[in-house]
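Here is a short briefing on how parts of one protein chain meet. Look at the helices first, then at the aromatic rings.

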Amino acid sequence: MIAKISHGSSLYGVLAYNQLKVDEQHADVLFTSRIIEPQGDNPYTIGLLSRSFGDYLTANRKTEKPVLHISLNPDPKDCLSEERFVSLAEEYMRRMGFGDQPYIVYRHNDIGREHLHIVSVRVDETGRAISDSYEHGRSMKVCRELERQFGLVPATPKQWKEGLPLSPVGYGNGNLKGQLAGVIRPVAREWRFRTLGEYRAVLSLYGITVDEVKGEYGGREYHGLTYSATDREGNKVGKPFKSSVFGKEAGIAALERRMHNAAAWEKTHKEVAAATAGKVAAAMQTAGHDRAQFERELMRQGIGVVFRQNKAGRIYGATFIDHAAKAVFNGSRLGKEFSAGVFNDLFAGQGTVTGLASQQHQPEHSHTPEWQEQRTDYCPDCKDSTTQNVAAAFNLFAPVPGRASGDQPVPPRKRKKKRKYGRQQ
């Protein structure tokens with residue numbers, strides 16, 4: 001398991017980031033501790049959560065970066081139940097010295113692996129800043145202990161050193177070439193795919209597309225690849241990069257060798273394709289005609305899916321991505337029962353549900369969340385912008401109409417049952 005700890009000054013930013021994931025059905029609220037409970041069946045809102053943290057933040061305005069955003073990332077092979085996820089988060093927070101702090105735990109199920117995001121503050125109720133001395137080393141030690149306690153796949157020294165390289169590319173997050181390289185190189189080097197389309201399907205999960213370029217120049221034929229970042233709807237953004245920028249392993253010759261080797265590997269590892277097919281079949285049986293549930297069921301089992309659709313919404317391609325085995329399978333190669341036509345009939349007229357899992361525009365929503373007018377482009381892996389943080393701080397500390405932040409007593413630790421607050425499709 002790998003833990004990543006980020007400090008920031010914008011509470012609004014981290015809450016908006018996770019709320020967006022909830023609205024897109026890529027996350028749910030797993031449980032809370034010392035957080036004000038919403039009334040009845042109302043969902044957690046950014047305003048409600050801000051009040052839960054507000055007294056802590058106002059008690060100490062001197063700490064430059066009091067907001068804590070932690071991601072806990074078990075290995076994709078680890079299949080944890082809801083109860084074990086809750087216990088894992090509680091134990092990590094307790095051993096890191098944040099057990100008595102208010103915090104909310106989100107479970108994310110995007111990009112083929114379930115992981116947790118925890119939002120808290122490192123200022124206690126008396127205004128004392130909680131030390132972050134030797135935080136990285138202490139976190140590594142705690143993760144090792146929890147791996148043994150929960151029987152998790154141990155993270156390797158290389159994984160700790162490199163962190164989590166496969167994160168979706170954000171065009172506005174700076175160093176675009178570096179972001180692209182952080183995904184393209186390990187995918188080209190480690191994943192198994194038999195066609196350029198399957199390779200493209202993996203990259204699409206991380207906001208990248210690849211194009212084949214052929215032609216003739218100066219009497220010589222050329223054949224190469226270009227890589228581009230994409231936005232949330234799959235449209236290219238920014239300038240394309242030649243494959244040579246990312247090394248020979250990202251070029252057409254190396255990828256063709258990789259495809260040839262993948263075909264040979266599949267023949268001797270038929271159990272991998274069989275296991276993937278079994279998971280897809282189980283998800284189909286559970287979800288029935290509900291495409292959103294089908295995609296969520298697959299994600300929970302570490303399987304991504306990319307559907308290709310034409311402008312009329314017809315599904316003409318289905319590709320399944322096993323993140324644990326790092327193997328990609330065209331649906332028809334798994335069996336006729338997993339071909340594009342079967343899924344087109346099964347999910348007729350439902351369109352795209354989870355943006356990262358399909359190559360098609362997302363549907364527009366009929367209502368606007370209360371926080372949409374604020375910036376929601378928070379990136380937990382990026383440094384905060386001073387200007388944005390100052391503005392967010394003023395929004396955070398503005399009084400809530402009809403109630404002061406200190407009017408609500410802080411509730412005790414409370415374990416929550418899973419509550420889904422995504423928009424209804």
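In this predicted model, helix H3 (residues 82-95) packs against helix H4 (residues 135-150) at an angle of about 145°. Their axes are 10 Å apart. The crossing of H3 and H4 is right-handed.

**The contact of H3 with H4**
- H3 brings Arg84, Ser87, Leu88, Glu91, Tyr92 and Arg95 to the contact.
- H4 brings Ser139, Val142, Cys143, Glu145, Leu146, Gln149 and Phe150.
- Sorted by class, the contact has six nonpolar, three polar and four charged residues.

**Aromatic pairs: tyrosine 199 and tyrosine 227**
- Searching the whole structure gives twelve aromatic pairs.
- One of the pairs joins tyrosine 199 and tyrosine 227.
- Tyrosine 199 is in helix H7 (residues 196-204), and tyrosine 227 is in strand S7 (residues 220-230).
- The pair links distant parts of the chain, 28 residues apart.
- Is tyrosine 199 buried or exposed? Tyrosine 199 has 0% relative accessibility, so it counts as buried.
- Tyrosine 227 also has 0% relative accessibility, so it counts as buried.

**Aromatic pairs: phenylalanine 320 and phenylalanine 343**
- The ring centres of phenylalanine 320 and phenylalanine 343 are 5.7 Å apart.
- Phenylalanine 320 lies in strand S10 (residues 315-322), and phenylalanine 343 lies in helix H12 (residues 340-346).
- The pair therefore ties together parts that are 23 residues apart in sequence.
- Phenylalanine 320 has a relative accessible area of 0%, so it is buried.
- Phenylalanine 343 is at 0% relative accessibility, so it counts as buried.

**A cluster, and a charge over a ring**
- Which residues form one aromatic cluster? They are Phe193, Tyr199, Tyr227, Phe241 and Phe246.
- Arginine 192 places its charged end over the ring of tryptophan 265.
- That charged end is 4.1 Å from the centre of the ring.

**The whole protein**
- The secondary structure comes to 13 helices and 13 strands.
- The protein has 425 residues, and 51% of them count as buried.
- Take the contacts between residues at least 6 apart in sequence: 69% of them join residues at least 24 apart.

Key: Residues are numbered from 1 along each chain as its sequence is written. This is a predicted model: local features need pLDDT of at least 70, side-chain atom pairs count only at pLDDT 80 or more; totals for chains, interfaces and linings use all residues. Side-chain values use heavy atoms; hydrogens and water are left out. Axes are lines fitted to C-alpha atoms, for helices over the stretch in contact, and angles run from 0 to 180 degrees between N-to-C directions. Helices (H or I, at least four residues) and strands (E, at least two) are DSSP runs, numbered from the N terminus. A crossing is left-handed if the near helix is turned anticlockwise from the far one by less than a right angle, and right-handed if clockwise. Contact means heavy atoms within 4.5 Å. Ala, Val, Leu, Ile, Met, Phe, Trp, Tyr, Cys and Pro count as nonpolar, Asp, Glu, Lys and Arg as charged, and the others, Gly among them, as polar. Rings of Phe, Tyr and Trp (its six-membered ring) pair if their centres lie within 6.5 Å; planes under 30 degrees apart count as stacked, over 60 as edge-to-face and the rest as tilted. Buried means under 20% relative accessible area, exposed over 50%, partly exposed in between (1.4 Å probe, protein chains only). A charge sits over a ring if NZ of Lys or CZ of Arg is within 6 Å of the ring centre and within 35 degrees of the ring normal.
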